[in-house]
Amino acid sequence: MGNGMEIVPLSEAIGAEIRGIDLRQPQDAATVAAINDAWHEHIVLLFRGKALGLEEHTQFAGYFGEIGKHMRPKAIRNEAAELGPNVMLVSNIRENGKPIGSLPDGEMMFHSDTPYREQPDKATMLFAMEVPSVGGHTIFANSYMAAETLPEDVKRRLAGRKAVHVFEYGAVTKSGKFDRESAPHFAQPVFRKHPVTGRTALYVSELMTEEIVGLPEAESRELLDFLFAHQSQAQFCYEHVWQPDDLLIWDNRCSIHARTDFPSTERRKLRRLTVIDENPVMMGDPPGQTEVAAE
């Protein structure tokens, strides 16, 4: 490409590394447009080997839109809080017995970010500051491919339906359901249309999605269990092994991600920014079908 940018796919399913771009420098409009085009095509982009300060990280995030605010637990008032309302530290480091960041330990199930809001953040950007010697990888899955490869009868059963996404994994009642009195939640389309590509993605996840609206509980659970297993198949995935100074940006509208376990005795610290979606969430037609059933 004329701007020196090279696009190298990371897997057959999802992701590409962008080479030849120094994110420490301001980017011109043509380069920003080229990066956006690559992002919409590959869903996950990797920029490797440049130490980015918060100002440079923020500058790059701003090319994609308005930067989102992070809902920080009240208990975290130290290093993470000092970075401002837009930054989330993903870290297991503790000072004086208290974590300096969020999501500190162990593995995490597949999810997209902020689907429990009426208008979820469209992009998440994560910069690696410290990584363990083993584990703590991030696995990404292509939600377009998951939608497109569903059995036709499942597409018909899910057409036009919504699913409830809930934040606060610990707020459950004795019945095992989330406590919606205290936990943010929102019903989103099961099939979500991307506002730029026009493609339809499967918009559910094991960590966040509780039920399919309008279905009996047993049928909802059966379908969700099937969808969770389907969307996480290896053929849809790319597993990223972090190196220091890696920057990843991914599209929450058409992907899910998970984290592998790592030693609690080793430090892990990443800086996270999100980008607000300027478009409302849109219901999509099941791939291969043109009519959406009534809710």
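Select Asp246 and display its surroundings. Leaving aside neighbours within four places in sequence, Asp246 is in contact (heavy atoms within 4.5 Å) with Leu46, Phe47, Arg48, Gly49, Leu126, Phe127, Ala128, His240 and Val241. Asp246 is placed in the loop between strand E15 (237–240) and strand E16; helices (H or I, at least four residues) and strands (E, at least two) are DSSP runs, numbered from the N terminus. Its relative accessible area is 0%, so Asp246 is buried; buried means under 20% relative accessible area, exposed over 50%, and partly exposed in between, with a 1.4 Å probe and protein chains only. The side chain of Asp246 reaches the backbone nitrogen of Gln243 at 2.9 Å. Draw a distance from the C-alpha atom of Asp246 to that of Ala128: the two are separated by 5.3 Å, although the residues are 118 apart along the chain.

The model is predicted: local features need a pLDDT of at least 70, side-chain atom pairs count only at pLDDT 80 or more, and totals for chains, interfaces and linings use all residues. Residues are numbered from 1 along each chain as its sequence is written, and side-chain values use heavy atoms, with hydrogens and water left out.

Next, colour the chain by pLDDT, the predictor's confidence in each residue, from 0 to 100. The protein averages 90, and 88% of the residues score at least 70. Residues 170–175 fall below 50, and this stretch has 10 contacts in the model beyond near neighbours in sequence. Residues 291–295 are also below 50, with 13 such contacts.

Now select Arg192, in strand E12 (residues 191–193). Is Arg192 buried or exposed? With a relative accessible area of 3%, Arg192 is buried. Its side chain makes a polar contact of 3.2 Å with the side chain of Tyr203 and another, of 3.4 Å, with that of Asp277. A polar contact is a pair of N or O atoms within 3.5 Å; within protein, one must be able to donate a hydrogen and the other to accept it, and residues adjacent in sequence count only if both atoms are side-chain atoms. Beyond four places in sequence, the residues that Arg192 touches include Pro120, Arg253 and Met282.

Move to helix H1, residues 29–42. Among the buried residues of H1 are Val32, Ile35 and Trp39. The buried residues of H1 pack against several elements, including strand E1 (6–9), strand E3 (44–47) and helix H2 (54–61). Just after H1, Ile43 takes a positive phi of about 75°.

Two further positive phi values deserve a selection. Most residues other than glycine have a negative phi. Asn96 has a phi near 55° and lies in the loop between strands E5 (94–95) and E6 (98–99); at 82% relative accessibility, Asn96 counts as exposed. Thr114 has a phi near 60° and is found in the loop between strands E7 (108–111) and E8 (123–130); at 5% relative accessibility, Thr114 counts as buried.

Finally, select the open sheet of three strands, ordered E11-E10-E14 with antiparallel pairing; two strands pair if DSSP finds at least two bridges between them. The edge strands are E11 (185–189) and E14 (209–212), each pairing on one side only. Strand E10 (residues 162–166) pairs with E11 over five bridges, and Val166 stands opposite His185 in E11.

Terms used: Expected span 1.5 Å × (residues − 1).
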